[in-house]
Amino acid sequence: MSKVATLEIDGKRYEFPVVEGTENELGINIKSLRGESGVITLDPGYKNTGSCESGITFLDGEKGILRYRGYAIEDLAEKADFLEVAYLLIFGDLPSKEQLEKFYDDIKEQSTVDEEMKKILDGFPKAAHPMGVLSSLTSALVAFNPSCVDVSSEQDMYNAIVKILGKFPVLAAWTLRKKTSLPLNYGDDSLGYVENLHKMMFEKPGKKYEVNQSVIDALDKLLILHADHEQNCSTSTVRMVGSSHAGLFASISAGISALWGPLHGGANQAVIEMLEKIKEDGGDTKKFMAKAKDKDDPFRLMGFGHRVYKNFDPRAKIIKKSADEVLGQLGVEDPILDIAKGLEKEALEDPYFVDRKLYPNVDFYSGIIYRALGIPVEMFTVMFALGRLPGWIAQWREMRLNKEPIGRPRQIYTGHTHREFQPVDKR
Ligand code: ACO
């Protein structure tokens, strides 16, 4: 029998159906609440609000489970590559060999951008943060591709998807090249998606491009781990903007701005800055552990704790192994890695962190790998955006195919009640 929730307001009872997800999550469907009772719910930050039903990503923060379209993140990180995962997230199933080849061929066809875009990039100061530049360039793509996607046409939808997957890495790489004063370039069709991205970022004029395969593997894994995380801040932004029927590129551009913030995608940068600070201070991890536990000190151990994962972040486990492997293979000796390892060991044995279930999250290690790969700190969040792109696309597509209504929350007004207008000389 289907479950029902009962609400009583001023002695009057209202009943609402309870929706059950495939993993037995329960949600009270309050669609008729305001119409029937005149009352709304109040939930700042939407911590208890399901904004949609979605078949893309499942996560269980207590058990440390993360699955894309039913596949465990551990399996995908080990056995799939980023483009396969992108296809899976967007279209719902793992691609056949033929589907994957066609998908990549179609993306490659779209991997140039209008030359006029270079003038826009040229107008930014070199000191501009790459995330601001990337968001602006993605928004500018709309101007160069003005026709609206007809979402009732699978082909139209597909064309828009391969277009953004082709052009986005070029724009992301150019934000780095601008920062590092390298000439703007394009990729090489004979390379895989991730290797091509790496080439576009780091290729130097007059030098043959060569890369260690373990670097590409580590990058591929990092992108997979960041590819989707259900209704987080940037993804909700993409769905919200898209719900007004603004196009895919405009919605993605808004998602980039949401991801930029230090409470969301900017945390990996904060981890490296914290480790640098500890190093400069003499490397005394115990001193900083004490600061993190001191309630009168605002210092927090960056990269520890997570809003959803309260036992462990499954992505952190995978990435920790990958960090050890790639740093070993590259022979990188980084003093801040020793500081990170020291902090981690102490925190995992410290009752303050153990009792509060504070474990290293994905960002504790991702910054260390990016740094070892020679990626500047300001580019870390751009790398996150590159990984999250398939998730944003998948969520936008699902929202449009489900014909979801425009997102329009309500409020409880707490301002002045009616006031008489006073002319300026009487105020
Ligand atoms: N260092 C020290 N103490 C901490 C930390 C930390 N990193 N995180 C939480 N605590 C303490 C809090 O002070 C609080 O202690 P109290 O119960 O004695 O008051 C308790 O642990 C619970 O903390 P909350 O802030 O309520 O936990 P919440 O779930 O709201 O916050 C968050 C999660 C924001 C991630 C937090 O752990 C934090 O600030 N971590 C550092 C920043 C970080 O790494 N962010 C990246 C998140 S992962 C991602 O975005 C991909």
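Which residue forms a salt bridge with Glu20, and how far apart are the closest N and O atoms? The partner is Lys3, with 3.8 Å between those atoms. Point 4 returns to this pair.

1. Basis. This is a predicted model, in which local features need pLDDT of at least 70 and side-chain atom pairs count only at pLDDT 80 or more, while totals for chains, interfaces and linings use all residues. Residues are numbered from 1 along each chain as its sequence is written, and side-chain values use heavy atoms, with hydrogens and water left out.

2. Domains. The protein is split into domain 1 (4-65), domain 2 (72-261 + 386-402) and domain 3 (266-373); such bounds come from an automatic or database domain assignment. Between the C-alpha centres of domain 1 and domain 2 the distance is 33 Å.

3. Interface of domain 1 and domain 2. Eight residues of domain 1 are in contact (heavy atoms within 4.5 Å) with ten residues of domain 2. The two domains bury about 750 Å² between them, and carbon and sulfur atoms give 54% of that area. Buried area is the accessible area (1.4 Å probe) that two parts lose on being put together, summed over both. In domain 1, the residues that lose the most area to domain 2 are Ile56, Thr57 and Leu59, together 62% of what that side buries. Three residue pairs, both members at pLDDT 80 or more, are in polar contact between the two domains. A polar contact is a pair of N or O atoms within 3.5 Å; within protein, one must be able to donate a hydrogen and the other to accept it, and residues adjacent in sequence count only if both atoms are side-chain atoms.

4. Salt bridges. The criterion is a side-chain nitrogen of Lys or Arg within 4 Å of a carboxyl oxygen of Asp or Glu. Glu20 pairs with Lys3; Glu20 is in strand S2 (residues 12-20) and Lys3 in the segment before strand S1 (4-9), 17 residues apart. Strands (E, at least two residues) and helices (H or I, at least four) are DSSP runs, numbered from the N terminus.

5. Backbone. Most residues other than glycine have a negative phi. Ser181, in the loop between helix H7 (154-179) and helix H8 (193-202), has a positive phi of about 55°. His245 has a positive phi of about 70° and is placed in the loop between helix H10 (233-242) and helix H11 (248-260).
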